[in-house]
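Subject: Handing over a structure

Hello,

I am passing a structure on to you, and I hope you enjoy looking around in it. Please open it first; my notes on what turned up follow below.

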Amino acid sequence: MRILCEKSFFTKGVEHNLKITYFSNSQKFLYDFQHIIRAFYPGAEVKFGHGGDIHLEAYFEEMRVFLKLQTRDKTIQKDFILVYDEHESKRIFGRNLYDLLRQETKKDLPWGILTGIRPTKIVYPLLEQGLKEEEIYKFLQEGYYISDKKSKLLLRVARNEINILNKLEPSSACLYIGIPICPTKCLYCSFSCHEMTRQIKSLLGMYTDSIICELEKTYQKIDENKNRIVAIYFGGGSPAVLGIENIKKIFTNLFDNLEKNCIQEITFEAGRPDTISEDLLEYLAELNRYLNIRLCINPQTSNDNTLKIIGRNHTFEDIKKAFALTQEYGFNNINSDVILGLPGENENDYKKTIDDVLKLSPASITVHTLSIKRASLLRFKWNEYKFMDEETVNNLLDWTQYVLEEHGYIPYYMYRQKNMIGNFENVGYCKRGFEGLYNVMIMQEKHNIYACGAKAVSKFVYEGDRIERVFNPADIKLYISRILNVDI
């Protein structure tokens, strides 16, 4: 595969238009190769072939593997033997590839060879087996090359997740309702989230009807599986763009069909202050009298200049006003998202954001590390901006954990994304008692997740931890056409 690695988003000293190529006589472990190569050379796109500034080859001869890394002035080689356990063979391949790239780049990656987006899932079975902390650390560090700091964070989060899951019945399940529409498209967002155009606005009523129609079929599936919905998540997007009447129609349908006494949490993404209305808060506050309503109000940054750059129509002052308004209506379970590594921001900008958000005292703070998504506008405009380097990001993640824990927040869930700055992580922190149930359930994938709406993905868990995913169309018009059987 020929990799065109443009100027790295985040790494110092990487040549512009560096070419990397890869050749193998097998498709085995190709995903792991691509992920690890991108971790060492952020921004790389893998294509099969020869002749790059850096060229890697992998030859498989039954259980034996020959790896080679070539540059213009040297060749590094390794050969090793795989085992019959597929998972261990992946780790063996990953560690040997990592060793070659570490020798070439002189870099160590905090998450080593780990490729999964749900790192706590590898710790969960180890805890179930009763392994001691030292044994788990050894497995993570020797098996995956995960650093000591990340291993300790991973174990802490996994323990918190398990404590939450252990309180659930096997029949517990989640329901996701997706409204992938926003007033404007953020610079870092993928194209699968629709911007509120005149045409999209005209479809909101039909979209609401489509969700209700899909919900009616979903209730049948919930009953067949003898599930009970314990957490509901309105996401997207910005669900509030549907308008209060459409939102009421969906909630009415939910409460007419689900056991309300089983619902432990309802999360509503009110991420942008320009979508929050008093009508919405008044209605949700009424529900909050007997249900646990969790609101998300997401500053991302407190830097107004950055907000303009990323395509937000609001200021941080608007965020503060939204917080004050929600508190007037009695909401105390509010999550705030922030993003580390936004274009043009430096260490002081980010620290100011954390300090400013802490003054608002949300129940939880989710810290995201910027991910350059392939379909985002930022992917095509990244060379117009400056980004923090990996070392700075790593230090700020450590600083964030220290500061948030000093303020009484604990890390309770974690996930990772492709193309993240420095191959790092996203961590949800909360005050004790305010853990987001849906977040933990979707990370561990131990319970069914029913999902309605455009771009929504349902997940059904079977014996042996087999997971079956059902995908809805991302395009709203196509989704409406399929659900309502109409032409648009």
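With a relative accessible area of 27%, Lys 78 counts as partly exposed, where buried means under 20% relative accessible area, exposed over 50%, and partly exposed in between (1.4 Å probe, protein chains only). Lys 78 and Leu 67 are 11 residues apart in sequence, yet their C-alpha atoms are 5.1 Å apart in space. Leaving aside neighbours within four places in sequence, Lys 78 is in contact with Val 65, Phe 66, Leu 67, Asn 96, Asp 99 and Leu 100; contact means heavy atoms within 4.5 Å.

Before going further, a word on how to read all this. This is a predicted model, in which local features need pLDDT of at least 70 and side-chain atom pairs count only at pLDDT 80 or more, while totals for chains, interfaces and linings use all residues. Residues are numbered from 1 along each chain as its sequence is written, and side-chain values use heavy atoms, with hydrogens and water left out.

The mean pLDDT of the protein chain is 90, and 94% of its residues reach 70 or more; pLDDT is the predictor's confidence in each residue, from 0 to 100. Over residues 1-16 the pLDDT is below 50, and this stretch has 73 contacts in the model beyond near neighbours in sequence.

Now to the charged pairs. Side chains of opposite charge can pair when their charged atoms come close. The structure holds 29 salt bridges, each a side-chain nitrogen of Lys or Arg within 4 Å of a carboxyl oxygen of Asp or Glu. Three of them are worth a visit:

- Lys 78 comes back here, in a salt bridge with Asp 99 whose closest N and O atoms are 3.9 Å apart. The pair links distant parts of the chain, with Asp 99 in helix H2 (residues 86-105) and Lys 78 in strand S6 (residues 75-81), 21 residues apart. Asp 99 counts as buried, at 19% relative accessibility.
- Glu 57 and Lys 68 meet through their side chains in a salt bridge of 3.7 Å, N to O. Glu 57 sits in strand S4 (residues 54-61) and Lys 68 in strand S5 (residues 64-70), 11 residues apart. Glu 57 is buried at 9% relative accessible area, whereas Lys 68 is partly exposed at 22%.
- Lys 121 and Glu 445 form a salt bridge of 2.7 Å, N to O. Lys 121 lies in the loop between H2 and helix H3 (124-128) and Glu 445 in the loop between helix H15 (437-444) and strand S17 (449-452), so the pair ties together parts that are 324 residues apart in sequence. Lys 121 is partly exposed at 31%, and Glu 445 is buried at 7%. Salt bridges that share partners join Arg 118, Lys 121, Glu 445, Lys 459 and Arg 469 into one network.

The aromatic residues come next. The count comes to 22 aromatic pairs: rings of Phe, Tyr and Trp (its six-membered ring) pair if their centres lie within 6.5 Å, and planes under 30 degrees apart count as stacked, over 60 as edge-to-face and the rest as tilted. Phe 23 and Phe 48 have ring centres 4.7 Å apart and planes at 45°, so this pair is tilted. Phe 23 lies in strand S2 (residues 18-24) and Phe 48 in the loop between strand S3 (44-45) and S4, so parts 25 residues apart in sequence are tied together. Phe 48 counts as partly exposed, at 42% relative accessibility.

Tyr 233 and Tyr 438 make another tilted pair, 4.8 Å centre to centre with 35° between the planes. Tyr 233 is in strand S10 (residues 228-236) and Tyr 438 in helix H15, so the pair joins parts that are 205 residues apart in sequence. Both Tyr 233 and Tyr 438 are buried. Elsewhere, Phe 234, Phe 251, Phe 255, Phe 268 and Tyr 283 form one aromatic cluster.

Finally, where is His 314 placed? His 314 is in the loop between helix H10 (304-309) and helix H11 (316-328), and is buried at 4% relative accessible area. Not counting residues up to four places away in sequence, His 314 touches Pro 273, Asp 274, Pro 299, Leu 307 and Ile 319.

Best wishes

Methods
Helices (H or I, at least four residues) and strands (E, at least two) are DSSP runs, numbered from the N terminus.
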